[in-house]
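Subject: Structure for you to look at

Dear colleague,

The sequence and the model come here, and my notes follow below.

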Amino acid sequence: MPRPEKLLLVCVNERPPERKESCGTCHNSEAIGKAFRRYLKQHDLNKRFRSTTTKCLGVCVGGPHAVVMPDNVWYAGFGEEDIEEIVESHLLGGVPVERLLAPNLEENHG
Ligand code: FES
């Protein structure tokens, strides 16, 4: 199987909310990750692009978080309603969706 042109990693990490915010527990990211995979398959893009889930990406607050590689473009606070725009604009068009870009990661650590 050829390598995908781009890989979208969606954090689905879960932890008790009283410990710290997490994408899986607080932002329903498992469902969003599934919706990304479904969208790519439905549009016959799943050979060019791959979406998969991952554990904590280290930023946590304001999620869900995802990163598109090899572009190293980070998204935060997106939902299922944003999938089409991310795929069409960024994966296919090469233009990241500005309004969904993660803020400076240094500010989110902690
Ligand atoms: S829990 Fe998703 S980035 Fe940490």
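Predicted model: local features only at pLDDT ≥ 70, side-chain atom pairs only at ≥ 80, totals over all residues.

If you draw a box along the principal axes, the C-alpha atoms fill roughly 40 × 25 × 25 Å.

Of the 110 residues, 39% count as buried, and the accessible surface of the chain comes to about 6200 Å², of which carbon and sulfur atoms hold 49%. Among the contacts between residues at least 6 apart in sequence, 60% join residues that are at least 24 apart. As for charge, there are 14 positive and 16 negative side chains, and the centres of these two sets lie 9 Å apart.

Now to the strands. Strand E1, which covers residues 6–11, pairs with E2 in the parallel sense over 6 bridges, and within this pairing Val10 stands opposite Thr53 of E2. E1 also pairs with strand E3, residues 65–69, but here the sense is antiparallel and there are 4 bridges; Leu7 has Met69 in E3 as its bridge partner.

Ser51 lies in strand E2, residues 49–54, and it counts as buried because its relative accessibility is 6%, where the cut-off for buried is under 20%. Leaving aside residues up to four places away in sequence, Ser51 touches Leu8, Val10, Gly33, Phe36, Arg37 and Leu40.

Val73 is found in strand E4, residues 73–76, and with 14% relative accessibility Val73 also counts as buried. With residues up to four places away in sequence again left out, Val73 touches Ala66, Val67, Val68, His90, Pro96 and Leu101. The C-alpha atoms of Val73 and His27, which are 46 residues apart along the chain, are separated by 20 Å.

The loops deserve a careful look as well. Pro64 lies in the loop between E2 and E3, and the peptide bond from Gly63 to Pro64 is cis, with omega near 5°. Pro70 has its place in the loop between E3 and E4, and the peptide bond that leads from Met69 to Pro70 is likewise cis, with omega near 10°.

Which residues other than glycine have a positive phi? One of them is Asp44, where phi is near 55°, and this residue sits in the loop between helix H2 (29–42) and E2. Another is Cys60, with a phi of about 70°, which is found in the loop between E2 and E3. Are these two buried or exposed? Asp44 is exposed, because its relative accessible area is 62% and the cut-off for exposed is over 50%, whereas Cys60 is buried, with a relative accessible area of 4%.

Conventions. Residues numbered from 1 in each chain as written. Heavy atoms only, no water. Buried < 20%, exposed > 50% of the residue type's maximum accessible area, 1.4 Å probe, protein only. Contact = heavy atoms within 4.5 Å. Areas by Shrake-Rupley, 256 points an atom, 1.4 Å probe, with all protein chains shown as cover. Lys, Arg positive; Asp, Glu negative; His and termini not counted. Charge placed at Lys NZ, Arg CZ, Asp CG, Glu CD. Helix = DSSP H or I, 4+ residues; strand = E, 2+ residues; numbered from the N terminus. Pairing = 2+ DSSP bridges.
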